[in-house]
Amino acid sequence: MPVVLVTLAAVSLLALRLFDWSPGSLLSAAMDKSMSPDEYLSPGLWTHTAGFGMLGTLSDHIVVILGTAMMPHLLLRVSAGRDVPAARRSLSVAVGLTGLFYLLLITTGFAAAAVVGGGRIGAVDAKGQGAPIFLVSAVLPQPSTGRVVLITLVACVAFLAVLTAVAGVTFAAAVSVTRDLGRAVPGSGSESRRSCGCPSSCSAP
């Protein structure tokens, strides 16, 4: 997570530098270079929500909110706490980092629209998933070692993000299956019950 946050922050600052460190200028350029300048900041402009109106927009918000709340690494932080205050502190840190990630991701999206342009991004990838690579390619000069290093770093971060999400889901599923199977297997003593994660009260004497 720290590597992802630092990388997104660096890319956003490099893009903001092109507009004299003015967020207003960056947002205005993003609107001007979008495919729908007059409706750029209006809700319901996502491509996959066309035809559903406000229902599609509402479902997208529900997915983002509940999907964030049910992320495996957030749930594992709650379950790994020794007590309620520890779980609350751990969850607060995780939610704060996740919120910062979303904020930087939104900033990167605006920067990509301002520097590269929505038309160019949409012509290559309709979903816009290649926007960070396009942005990194545009914020630094072409014959530059830093440009190559930054592009490589962004590609590695994207790969690690996908790998971390898959690993988190797999680990969470493995923990759940292990606990369920541990409770189902009868133990002959307190040692076996401790090793399978079952409390002593779950088995009959």
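Predicted model: local features only at pLDDT ≥ 70, side-chain atom pairs only at ≥ 80, totals over all residues.

Guide: The space in the second largest pocket comes to about 200 Å³.

Visitor: Which helix gives the most to the lining of the second largest pocket?
Guide: Three helices each supply at least two lining residues: helix 1 (2-17), helix 2 (23-32) and helix 5 (84-115). The largest contribution, 4 residues, is from helix 1.

Visitor: How many charged residues are in the lining of the second largest pocket?
Guide: Sorted by class, the lining has 8 nonpolar residues and 2 polar ones. As for charged residues, the lining has no charged residues.

Visitor: Are helix 1 and helix 5 roughly parallel or oblique to each other?
Guide: Their axes come within 9 Å and cross at roughly 30 degrees. Angles under 35 degrees count as roughly parallel. Helix 1 and helix 5 are therefore roughly parallel.

Visitor: Which residues of helix 1 make the contact with helix 5?
Guide: The two helices meet in a left-handed crossing. From helix 5 the contact takes L97, L100, F101, L104, L105, T107, T108, A111 and V115. By class the contact has 12 nonpolar, 3 polar and no charged residues. On the helix 1 side, the residues are V4, L5, L8, A9, S12 and A15.

Visitor: Are helix 5 and helix 7 roughly parallel or oblique to each other?
Guide: Helix 7 covers residues 131-139, and its axis and that of helix 5 come within 9 Å, crossing at roughly 60 degrees. Angles under 35 degrees count as roughly parallel, and roughly perpendicular begins at 65. Helix 5 and helix 7 are therefore oblique.

Visitor: Which residues in helix 7 meet helix 5?
Guide: Helix 5 passes helix 7 in a left-handed crossing. Helix 5 brings T108, A111, A112 and V115 to the contact, and from helix 7 come A131, L135 and A138.

Visitor: At what angle do the axes of helix 1 and helix 7 cross?
Guide: The crossing of helix 1 with helix 7 is left-handed. The two axes come within 10 Å, and the angle between them is roughly 50 degrees. That makes helix 1 oblique to helix 7, with the crossing at roughly 50 degrees.

Visitor: Which charged residue belongs to the contact of helix 1 with helix 7?
Guide: By class, the contact has 6 nonpolar, no polar and 1 charged residues. Helix 7 brings L135, V136 and V139, while helix 1 brings V11, L14, A15 and R17.

Note on methods
Residues numbered from 1 in each chain as written. Heavy atoms only, no water. 1 Å grid on protein atoms, 1.4 Å probe; cavity = no way out; pocket = protein on both sides within 12 Å on 5 of 7 lines; lining within 4 Å. Points joined across faces, edges and corners; volume = space filled by probe spheres on them. Nonpolar A, V, L, I, M, F, W, Y, C, P; charged D, E, K, R; others polar. Axes fitted to C-alpha atoms, helices over the stretch in contact; angles between N-to-C directions. Parallel < 35°, antiparallel > 145°, perpendicular 65-115°, else oblique. Left-handed = near helix turned anticlockwise from the far one by under 90°. Contact = heavy atoms within 4.5 Å.
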